[in-house]
Amino acid sequence: MKLRCKPLLAALMLAATGPALAGTVTVITSFPKELTQAYKSAFEKANPDIKLEILNKNTVSGIAYVRETPEGKRPEIFWASAPDAFEVLSQAQLLENVSDIANPAVPATIGSFPINDPNGMFLGQALAGYGIMYNTRLVKAKKLPEPKTWEDLLRPEWFNNVGLTSPSRSGTTHLTVETILQGEGWEKGWETLLRMSGNSAALTDRSFGVPDGVNNGQFGAGPVIDFFGLSSKYSNFPVEFVYPDETAIVPANIGLIAGASNTEEGKKFIEFSLSKEGQELLLAPQISRLPVLPYEQLDNIPENYPNPLEIVERSKVNFDVDLSQQRYYIVQNLFDQTITFRHKELQAASKAIIDAEAKLGANPQGQAAELLAEAKKLAWAPLISAEQVQDQALIDLFAGDKKDTQISQQLSKLQGDWNSQAKANYEKAVELANQAASL
């Protein structure tokens, strides 16, 4: 027995005096496996003594996870498409300054938007635009008009053929929602969002549920971040992707989380992701993202690949990340209470209005026109105005500590009021639309 133990004891002693275990870099990200696996393989090959661990969460859950994890146990890297999410983490002092490892070859701005955080708390790792992905076979089979603008998805032919995700479930959807709100203005933007949601067949649990649904024909179209649409297109799915004029090109960012244990190894991953090798990984068909490095510094740019500079030039949106961050939780909660949790009622209201319009024709008159106009206002107008959303008391309430009983009770009451009002509005809209149709 003693003889058998000697080799084991010797091995244990050798292990104890040998090199330290490889450092592990934990990356919290909402990005799909095709992207994360490509970076994991390439980075570990270039850095064999560092292991990359991917923790996949949607952006909103990722922020909550970092906030709730004690110092010393946090992941090293936060990697996501939503710049306002990084602003939230930065304001909570949950990011380390990374200006010393920024790649100097990356331009300062895309349009007027800074690619790297001016305070050095996070860096742009890729560029992202927002638009419409649609299934070419389904569009042809159902004789639907090909969507080129957000307004196209509001047409009656698109009822029950659109897929959406809630911004509270997806950082990229939140950016799409904000892009529409900033491009069209608060009231008109919410009308677009409510009508598009009323036309939608379902609200998916995660942002990739929309492109998956478009790929397989569950949905005819839906708003997505560009790399979902482009990666499917270049992987030979029967889909197309278009950038409407109300779009934005903003950085998808990477940051170093404060209070992690392997900070130096985390920095190495950030540096790798911004290197020429790391940037060229973005061009793979299954990834299809827009690099932050200028195209002239990269090899093998695919033919007809979107040029972010050209998209920015024709876009009508000058994206304001501070505005987006300020109303971040207000927009999410308003969307959930009036759309996510009342989707069936919103669908019913939209269907009743569409049916009434079909029956009454293009120019309804008299009482029918008045009833129909009131039904549309009830169904498709936001519950709070542009002035109300700027009220500092409301902003402070949603930014407050949810563990505070008073704040929690106030939020709960407000959310309940929004939810009840939305339900009542949609039910009344159905009633008025039906009355108009009967006239």
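Predicted model: local features only at pLDDT ≥ 70, side-chain atom pairs only at ≥ 80, totals over all residues.
Biologist: How many salt bridges does the structure hold?

Modeller: The structure holds 19 salt bridges.

Biologist: Why is the contact between Glu191 and Arg195 called a salt bridge?

Modeller: The distance from N to O is 3.5 Å. The cut-off is within 4 Å, between a side-chain nitrogen of Lys or Arg and a carboxyl oxygen of Asp or Glu, so the pair qualifies.

Biologist: Where do Glu191 and Arg195 lie?

Modeller: Both lie in helix α7, residues 186-198, and they are four residues apart, about one turn of the helix.

Biologist: What makes Glu191 partly exposed?

Modeller: Its relative accessible area is 27%. Buried means under 20% and exposed means over 50%, so Glu191 falls in between. Arg195, with 23%, is therefore partly exposed as well.

Biologist: Why do Lys351 and Asp355 count as a salt bridge?

Modeller: Their side chains meet at 2.9 Å, N to O, and the limit is within 4 Å, so the term applies. The two residues are four residues apart in helix α15 (residues 343-360), about one helical turn. Lys351 has 35% relative accessibility and is partly exposed; Asp355, at 38%, is also partly exposed.

Biologist: Which parts does the pair Lys376 and Glu357 tie together?

Modeller: The side chains of Lys376 and Glu357 meet in a salt bridge of 2.5 Å, N to O. Lys376 lies in helix α16 (residues 366-380) and Glu357 in helix α15, so the pair ties together parts that are 19 residues apart in sequence.

Biologist: Which residues do salt bridges with shared partners join into one network?

Modeller: That network consists of Asp100, Glu264 and Lys267.

Definitions and conventions:
Residues numbered from 1 in each chain as written. Heavy atoms only, no water. Buried < 20%, exposed > 50% of the residue type's maximum accessible area, 1.4 Å probe, protein only.
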